[in-house]
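Biologist: Please take a close look at one chain for me. Start with how it divides, then move on to what it touches.

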Amino acid sequence: MATTVETPKPLTVADFKGRVDPDWCPGCGDYGVLAAVQKALVDLQIPNHQVVTISGIGCSSNFPGFIETYGMHTLHGRALPIASGVKMANPELTVLVTGGDGDGLGIGGNHLTHTMRRNVDLTYIIMDNQIYGLTTGQTSPTSRLGMKTKSSPHGNVEGPINPITMALAAGATFVARGFSGDQKHLTDLIKQGLQHKGFSFLDVFSPCVTYNHDNTFQWFRPRVKRLEDDASYDATDWVAAMEKSTIWGDEIPIGKFYERTDLPSLDQAEPVLKDGPMVGRPEHIDPAVARTFIEELM
Amino acid sequence: MSHTFSIGIGGAAGQGVATPGDILAKIFSRRGLHLNAYNAYQSIIRGGHTFLTIRTGPDPVTNMGDSLDLLIPLNQDTVDRHLRLLGPGGACIYNADTIKPGEHAEGVQLCPLPVSTLADITRNKVAQNTLAMGAALSMTGIGFQSLEAVIREQFGRKAPAVADENIAVARAGYDYATQHFQPFATLLPMTDSRYAVLSGNTALAMGGAAAGVKFYCAYPMSPSTGVLHWMAANGRKAGIMVRQVEDEIGVINMAIGAAQAGVRAMCATSGGGFALMTEALGLSAMAEIPVVVIDCQRAGPSTGVPTKTEQGDLWQMLGAAFGDYPRVIAAPVDIADCFTLIPEIFNVADKFQVPGIVLCDLLLSEGRLSVDPKVLDFAPHVDRGEMITAPNGHGDGSYKRYLITDSGVSPRAIPGVPGYTHVVASDEHDEDGVLISDMYTNAGKRRAMMEKRMRKVRGIEHAVPPPRLQGPRDADVTLIGWGSTQGVIEEARAQLAEQGITANQLQIRWLVPLHGEAILDELRGAKRTIIVENNYTGQFARYLRSETSFVADGHIRKYDGEPFMPHHIVEAVREQLAGETTLSVPAHEIMV
């Protein structure tokens with residue numbers, strides 16, 4: 001007698017729709033990032049319960065509430081260490097980290113550097129709007145020199161950080177830049193990031209339509225140029241990636257700058273995980289091992 | 001306490017004070033003797049002054065005591081600082097080539113060792129230490145065999161030739177002492193008991209392993225680093241993931257992440273690192289993700305005195321993170337308790353999904369104590385609380401992570417369980433985790449969630465035992481202490497009893513919940529109450545007053561970086577009973 005095996009229904013974008021609608025301003029770049037993430041998860045058919053979306057604080061950090069996965073909406077700047085803890089305790093989970101440029105490059109800058117160096121298997125999307133939005137418009141670590149904001153009414157005298165150069169220097173094994181206004185390209189980058197075994201860094205232009213009147217969709221659209229359109233560009237060449245990362249002006253490259261797959265991610269390198277995830281292990285340690293601990297003291 | 005014997009070994013950092021200390025500790029514990037060791041040192045890798053006190057005896061030795069029986073100075077500085085502390089019957093074993101002892105009390109035996117004639121000091125840089133150990137073993141009547149065995153263990157694995165050489169040097173010291181020096185009047189006995197000797201930091205780490213900790217992370221900070229060292233050395237065997245993180249902010253957040261994934265997660269630091277962690281303690285409480293944080297107190301504020309002890313972080317713990325939230329705080333009362341407290345506090349933290357804080361201090365963290373191996377129970381009761389680790393019938397989307405319940409505790413689903421997806425949030429949220437802080441702020445819901453979380457306080461109070469008075473109810477004086485002062489207060493009580501003053505003791509282990517009513521009951525009828533603590537402002541006295549309106553009759557406080565010795569408390573009690581003062585600040589006579 002033939003048995004029927006129930007095939008799970010393929011996941012659709014509706015399955016990843018959050019319980020509440022986003023509260024971002026109409027026209028905000030973050031909508032495009034959310035849609036691209038949902039589409040990438042559908043394309044890869046990753047079950048909702050296997051995904052943990054983790055954010056810090058800020059407009060874009062409200063993200064976990066707007067997507068149907070396990071979520072953690074945590075502290076300003078602290079999403080990466082929290083995500084590292086989740087991933088290292090249970091490497092079977094897909095851990096996605098989302099947030100803004102202030103959260104990741106300002107208050108969380110120290111964690112970002114070290115998480116990249118450790119090659120923790122996370123996909124980190126910075127929704128980079130070059131401004132602090134939730135606090136109503138102050139300069140951010142990526143605000144351009146001279147930009148006038150509420151905290152720099154006479155023009156920003158500090159220069160911006162270059163997230164791509166920084167990620168390359170810190171040892172990130174997947175470095176890409178996307179644009180919320182180029183959905184198809186962004187979705188493809190996020191899919192690649194999710195599939196990359198190691199730390200995937202995605203700096204995504206996500207214009208703030210309320211507080212940043214310099215770096216708008218209209219400003220970006222003619223400038224962004226896909227690296228993928230240049231057949232000669234080799235994304236495994238770190239030096240070429242560093243050079244490309246410095247280009248900024250009339251032309252701004254987007255796409256995958258760099259990927260290397262020869263380094264183990266932290267969970268692959270960690271010997272204690274050879275016996276499987278930390279989650280679900282027996283609470284008590286082997287009595288024979290416990291005895292050796294005591295005998296060493298006698 | 002019956003007969004005890006104290007040895008002080010001192011020298012500059014790098015002169016090798018630790019090795020003879022370790023060897024003597026091992027020899028004493030193998031004779032079935034109890035011991036307590038405390039190392040006074042400075043934040044320096046080479047130079048300075050390090051002074052190790054090892055006190056041993058057939059009964060439990062709870063503190064470093066008041067005096068020395070044997071002094072082994074490794075340099076002139078040490079003999080200058082400590083020789084005058086030896087009383088009649090005491091002895092000083094020293095290198096006759098380099099050290100000139102000064103004034104000493106009548107009845108002190110000076111034992112010069114002709115180091116350069118007994119050993120080849122060009123070959124063996126620590127010959128004076130090894131010779132002195134040999135001599136000490138002769139004078140205490142312990143015999144040479146046990147020393148030979150321990151030296152062979154200590155060096156044998158690396159190089160048998162080195163072991164042989166050291167044994168020969170020790171033997172020369174032993175024989176020289178047998179011929180030239182008087183043995184001590186009371187020789188150390190031998191018992192059938194066997195004890196484990198461990199530091200508080202090792203006990204905290206092992207207690208974590210026993211509690212089922214699966215994730216430990218830290219940033220190095222004295223005096224908590226020993227916990228990291230044990231975890232790093234043994235984590236793989238114990239099945240514990242150990243991570244060194246970029247800073248303490250990262251530490252606690254990483255622990256919270258691991259805890260959210262479903263494992264017991266622990267971290268340790270000292271006051272400065274704890275200060276960095278405080279925002280995330282609020283996250284632990286708000287998102288209801290239990291973690292245990294150990295604070296090994298050192299003398300503050302700021303960088304303070306990194307190698308000295310204090311009980312100065314209590315109010316930092318009480319006030320850590322903004323807003324009101326339930327927490328538990330406990331202070332281990334001795335090194336054995338550093339082990340047993342960890343499974344206990346994890347059970348409370350897990351059951352009520354709150355942060356747990358262990359308030360240890362340098363005295364316990366870096367001190368060493370003989371502990372009955374039976375106390376080191378690696379299969380303690382583990383209560384993870386209400387956790388959902390597999391679908392249990394609510395996987396239809398009706399699951400509410402922050403379900404409002406009578407106990408305030410909501411069943412906790414961990415990521416990976418199908419059908420229970422939800423968001424945990426640091427923002428105020430509704431029962432299902434949806435934020436109510438941004439668009440949908442709702443005063444009624446906010447109040448309901450605050451009350452839900454704070455209802456846990458009642459349950460926590462029932463889960464934790466109240467303190468009990470130790471000693472005679474009708475005592476002349478009641479000494480109130482908390483945490484690490486238990487042993488020294490006990491010994492002070494015994495000394496007071498010998499002087500005709502009866503004292504009882506209320507030692508506080510659980511600081512939050514405090515059980516204020518129970519404390520007032522215990523103190524009702526006390527003739528005179530004195531609070532003993534290692535800080536300037538009387539942090540516990542102020543806390544007790546704020547919680548119970550109880551005002552003690554007197555205070556004994558010490559904030560010079562060194563721990564209390566029994567006579568400090570005895571003399572302070574006497575001066576307070578004589579009506580001379582209500583605040584005693586004992587001076588530490590030993591310059592370390």
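Modeller: Domain bounds here come from an automatic or database domain assignment. The model is predicted. For chain B, that assignment gives domain 1 (5-180), domain 2 (197-375) and domain 3 (469-584). Take domains 1 and 3 of chain B. Their centres, over C-alpha atoms, are 35 Å apart. They do touch: seven residues of domain 1 of chain B are in contact with nine of domain 3 of chain B. On the domain 1 side, three of these residues are nonpolar, three are polar and one is charged.

Now chain B as a whole. Its secondary structure amounts to 19 helices and 24 strands. The C-alpha trace spans about 85 × 60 × 40 Å along its principal axes. The radius of gyration of chain B is 26 Å; a compact globule of 592 residues would have one near 25 Å, so the two agree. Of the 592 residues in chain B, 55% are buried. Contacts in chain B reach across the sequence too. Among those between residues at least 6 apart, 73% join residues at least 24 apart.

Next, the partner. The contact between the chains takes 58 residues from chain B and 49 from chain A. On the chain A side, β2 (70-73), α2 (79-89), α4 (109-118) and α10 (287-295) each supply at least two residues. The largest share is that of α2(A), with eight residues. By class, this side of chain A has 25 nonpolar, 15 polar and nine charged residues.

Strands also pair across the contact. β2(A) and β17(B), residues 423-425, run parallel and are joined by three bridges. A:Met72 has B:Val424 as its bridge partner in β17(B).

Finally, one helix of the partner chain. An α-helix has 3.6 residues a turn, so residues three or four places apart point the same way. Which residues of α1(A) are buried? They are A:Asp30, A:Gly32, A:Val33, A:Leu34, A:Ala36, A:Val37, A:Gln38, A:Ala40 and A:Leu41. After α1(A) comes A:Gln45, with a positive phi near 50°.

Notes
Residues numbered from 1 in each chain as written. Chains lettered and ligands numbered in written order. Predicted model: local features only at pLDDT ≥ 70, side-chain atom pairs only at ≥ 80, totals over all residues. Contact = placed C-beta atoms within 7 Å. Nonpolar A, V, L, I, M, F, W, Y, C, P; charged D, E, K, R; others polar. Helix = DSSP H or I, 4+ residues; strand = E, 2+ residues; numbered from the N terminus. Pairing = 2+ DSSP bridges. Rg over C-alpha atoms; globule rule 2.2 N^0.38 Å. Buried ≥ 20, exposed ≤ 12 C-beta atoms within 10 Å, placed from the backbone.
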